[in-house]
Amino acid sequence: DMSATKAELERQGVVFSQEPRPGSSFEGLRGEILDPSGISIELREWVNGDGYDVGGWQPASDAVTLVS
């Protein structure tokens, strides 16, 4: 649940460098937070059975090519 996670992380002072938004190559949401050193960490919420480890997965966008 990206909304609940975002609220909890912000309550703890975590900074979002990218607000959650629809993923460009998968069904779901993606956002980015910064660790204490300023390194960006991507958060993903996979929906509708989407995920790289799901058999038969294909990118949601035609602009993305599955290579392996």
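**Entry 1: E32 and its surroundings**

I began with E32 and listed what it touches, leaving aside residues up to four places away in sequence: V15, F16, S17, Q18, S40, I41 and E42, where a contact means heavy atoms within 4.5 Å. I then noted that the model is a predicted one, in which local features need pLDDT of at least 70 and side-chain atom pairs count only at pLDDT 80 or more, whereas totals for chains, interfaces and linings use all residues. Numbering starts from 1 along each chain as its sequence is written, and side-chain values use heavy atoms, with hydrogens and water left out.

I placed E32 in strand β2, taking helices (H or I, at least four residues) and strands (E, at least two) as DSSP runs numbered from the N terminus. Is E32 buried or exposed? E32 counts as buried because its relative accessibility is 18%, the classes being buried under 20% relative accessible area, exposed over 50% and partly exposed in between, with a 1.4 Å probe and protein chains only. I also found a polar contact of 2.5 Å between the side chains of E32 and R30. For such a contact I required a pair of N or O atoms within 3.5 Å; within protein, one must be able to donate a hydrogen and the other to accept it, and residues adjacent in sequence count only if both atoms are side-chain atoms. In a regular strand the side chains alternate between the two faces of the sheet.

**Entry 2: the sheet**

I looked up the strand order next and found an open sheet of 3 strands, β1-β2-β3, with antiparallel pairing; two strands pair if DSSP finds at least two bridges between them. The edge strands, each pairing on one side only, are β1 (16–22) and β3 (40–46). Neighbouring strands of this sheet are turned against each other by 10° on average, direction ignored; for such angles, axes are lines fitted to C-alpha atoms, for helices over the stretch in contact, and the values run from 0 to 180 degrees between N-to-C directions.

I went through the two pairings in turn. β1 and β2 (residues 28–34) pair in the antiparallel sense over 4 bridges, and a hairpin of 5 residues joins β1 to β2; here R21 stands opposite R30 in β2. β2 and β3 also pair in the antiparallel sense, over 7 bridges, and L34 has S40 in β3 as its bridge partner.

**Entry 3: the loop between β2 and β3**

How many residues lie between the strands in the hairpin of β2 and β3? There are 5, and G38 in this hairpin takes a positive phi near 90°. I located D35 in the loop between β2 and β3 and recorded it as partly exposed because its relative accessible area is 24%. A polar atom of the D35 side chain lies 2.8 Å from the backbone nitrogen of S37. I also checked D35 against S25: they are 10 residues apart in sequence, and their C-alpha atoms are 24 Å apart in space.

Within α1 I picked out K6, which counts as buried because its relative accessibility is 17%. Not counting residues up to four places away in sequence, K6 touches F16, E19 and P20.

The C-alpha atoms of W57 and F26 are separated by 9.2 Å, although the two residues are 31 apart along the chain.

**Entry 4: the chain as a whole**

The protein chain has 1 helix and 3 strands, in the pattern α-β-β-β when read along the sequence, and its C-alpha atoms fill a box of roughly 40 × 25 × 20 Å along the principal axes. Of its 68 residues, 24% count as buried. Among contacts with a separation of 6 or more, residues 24 or more positions apart account for 23%.

The chain averages a pLDDT of 85, and 93% of the residues score at least 70, pLDDT being the predictor's confidence in each residue, from 0 to 100.
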